[in-house]
Amino acid sequence: MLSSSLLMIICFYGATVQNVDGWGAVGHSLVASLAQSQLTAEASQWVKSLVPWYLSGNLTAVATWADSILYPDTNPFDHPNWQWSRQLHYLNTPSWVCSYDPSRDCINDICIEGALRNYSKRVIDANFDDIQHKEALMFLVHYAGDVHQPLHVGFQTDLGGNSIKGYFMNQTFQTNLHSLWDSGLISIRLSRDYGSNITSYYEHIYSLMLEQGSTSNNEDFIQWIQESLKHVCQQIYLDESNMIMNASVNFTLGNIYYERNIGIIEQRLAQGGRRLGTLLNRLAADRLTISSRCDKLCSNMNKLITMLICILARTLMS
Ligand SMILES: [Zn+2]
């Protein structure tokens with residue numbers, strides 16, 4: 001007989017669960033590197049104090065931490081303890097509704113939008129300790145990437161494209177729509193046009209980010225989500241004959257789909273990087289304000305205590 005806990009584990013992994021990897025290692029690294037390139041001196045110092053010391057402040061190295069903790073192959077012993085964070089990598093809407101409603105799609109803040117709000121606060125909240133600040137930063141870096149992958153804001157019925165399966169570029173193995181957007185399209189672009197050289201590809205996305213200018217330089221999480229949803233509703237589900245893909249038929253996609261969508265992916269990577277950088281800069285500045293407010297409060301408290309001691313001493317001496 002199977003023990004109940006073993007049965008639970010089998011049920012958990014046997015069930016169709018939403019893939020939460022987001023951009024995959026390349027996409028997340030690009031977003032984190034772009035963000036890092038935008039940091040002010042204070043923000044760089046602050047970030048350096050939060051990432052593990054041996055990484056010398058490198059945000060890229062922690063960009064996929066939030067995924068790696070979830071899976072037995074990357075976190076064999078401890079992954080069950082992190083499953084609570086699984087739902088924070090995405091949100092789902094009803095099919096073809098095409099707008100985000102927090103009361104329907106993010107109940108009790110358990111979704112990517114709630115996570116972005118929550119960890120933006122926690123990362124500079126003086127009530128939390130250093131470990132909690134580090135954890136909040138690593139979640140924030142990851143979720144800011146995920147939310148710009150449009151299918152992390154996808155439809156509930158097909159699990160953000162995970163259950164729409166098919167074949168891409170004559171490859172013999174089956175993939176799914178979500179995975180194509182996480183990494184399949186990016187990996188074709190990287191090998192085809194950049195000789196698999198991530199640094200050259202980064203330079204391309206970096207120049208896209210600069211071209212976008214300050215219009216994409218905002219911290220409106222709901223707007224980020226609406227933009228992703230727009231791509232989901234207008235573009236992502238259309239196959240090469242402009243038919244809407246669904247889970248009941250396997251897709252066959254190739255160059256037409258790739259050419260039509262790779263530009264959107266690169267735009268989203270560039271926006272994600274720019275916005276994460278802006279967010280971290282603002283948080284670093286707010287953090288300084290909070291600590292200077294605390295310093296002021298402490299010095300006022302010190303003055304008050306000194307005054308009280310003086311009054312007491314004078315009373316005793318008189
Ligand atoms: Zn993720």
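# Report on a predicted chain of helices and strands

Glu 227 is a residue of helix α10, which covers residues 221-236. The model in which this residue is described is a predicted one. Around Glu 227 there are 19 other C-beta atoms within 10 Å, so the residue is classed as partly exposed. In sequence, Glu 227 and Pro 150 are 77 residues apart, yet in space their C-alpha atoms are 7.9 Å apart.

## The chain as a whole

The chain contains 11 helices and five strands. It has 318 residues, of which 37% count as buried. Among contacts in the chain with a separation of 6 or more, 72% are between residues 24 or more positions apart.

The table lists the separation of each pair along the chain and between C-alpha atoms.

| Pair | Separation in sequence | C-alpha to C-alpha distance |
|---|---|---|
| Glu 227 and Pro 150 | 77 residues | 7.9 Å |
| Ile 198 and Val 26 | 172 residues | 7.8 Å |
| Ala 66 and His 89 | 23 residues | 8.6 Å |

Ile 198 belongs to helix α9, which covers residues 198-212. Ile 198 has 14 other C-beta atoms within 10 Å and is therefore partly exposed. Ala 66 belongs to helix α4, made of residues 65-68. Is Ala 66 buried or exposed? Ala 66 is buried, because 27 other C-beta atoms lie within 10 Å. When residues up to four places away in sequence are not counted, Ala 66 touches Ser 85, Met 138, Phe 139 and His 142.

Helix α2 consists of residues 24-37 and helix α8 of residues 177-194; their axes come within 8 Å and cross at roughly 80°. Angles of 65 to 115 degrees count as roughly perpendicular, and α2 is therefore roughly perpendicular to α8.

## The nonpolar core

In soluble globular proteins, nonpolar side chains tend to be buried together. In this model, the largest nonpolar core has 70 residues. The residues with the most contacts inside this core are Val 31, Ile 112, Leu 140, Val 141, Tyr 143, Ala 144 and Leu 280. Which helix gives the most to this core? Helix α11, residues 255-317, gives the most, with nine residues. For Leu 280, the contacts other than neighbours within four places in sequence are Ala 35, Leu 39, Ala 43 and Val 47.

## The sheet

Strands of a sheet pair through backbone hydrogen bonds, either parallel or antiparallel. Here, three strands form an open sheet with mixed pairing, in the order β4-β3-β5. Strands β4 and β5 are the edge strands, as each of them pairs on one side only.

Strand β3 (residues 165-168) and strand β4 (residues 175-176) run antiparallel and are joined by two bridges. In this pairing, Lys 165 stands opposite Asn 176.

Strand β3 and strand β5 (residues 251-253) run parallel, and three bridges join them. Opposite Phe 168 stands Leu 253 of β5.

## Positive phi in two loops

Two loop residues may be described together. Trp 96 is not a glycine, although its phi is positive, at about 60°. Its place is in the loop between β1 (91-93) and α5 (102-105). With 11 other C-beta atoms within 10 Å, Trp 96 is exposed.

Leu 159 is likewise not a glycine, and its positive phi is about 50°. Leu 159 is found in the loop between β2 (153-155) and β3. Where Trp 96 is exposed, Leu 159 is buried, because 21 other C-beta atoms lie within 10 Å.

Technical notes. Residues numbered from 1 in each chain as written. Helix = DSSP H or I, 4+ residues; strand = E, 2+ residues; numbered from the N terminus. Buried ≥ 20, exposed ≤ 12 C-beta atoms within 10 Å, placed from the backbone. Contact = placed C-beta atoms within 7 Å. Axes fitted to C-alpha atoms, helices over the stretch in contact; angles between N-to-C directions. Parallel < 35°, antiparallel > 145°, perpendicular 65-115°, else oblique. Pairing = 2+ DSSP bridges. Core = buried A, V, L, I, M, F, W, Y, C linked by C-beta atoms within 7 Å.
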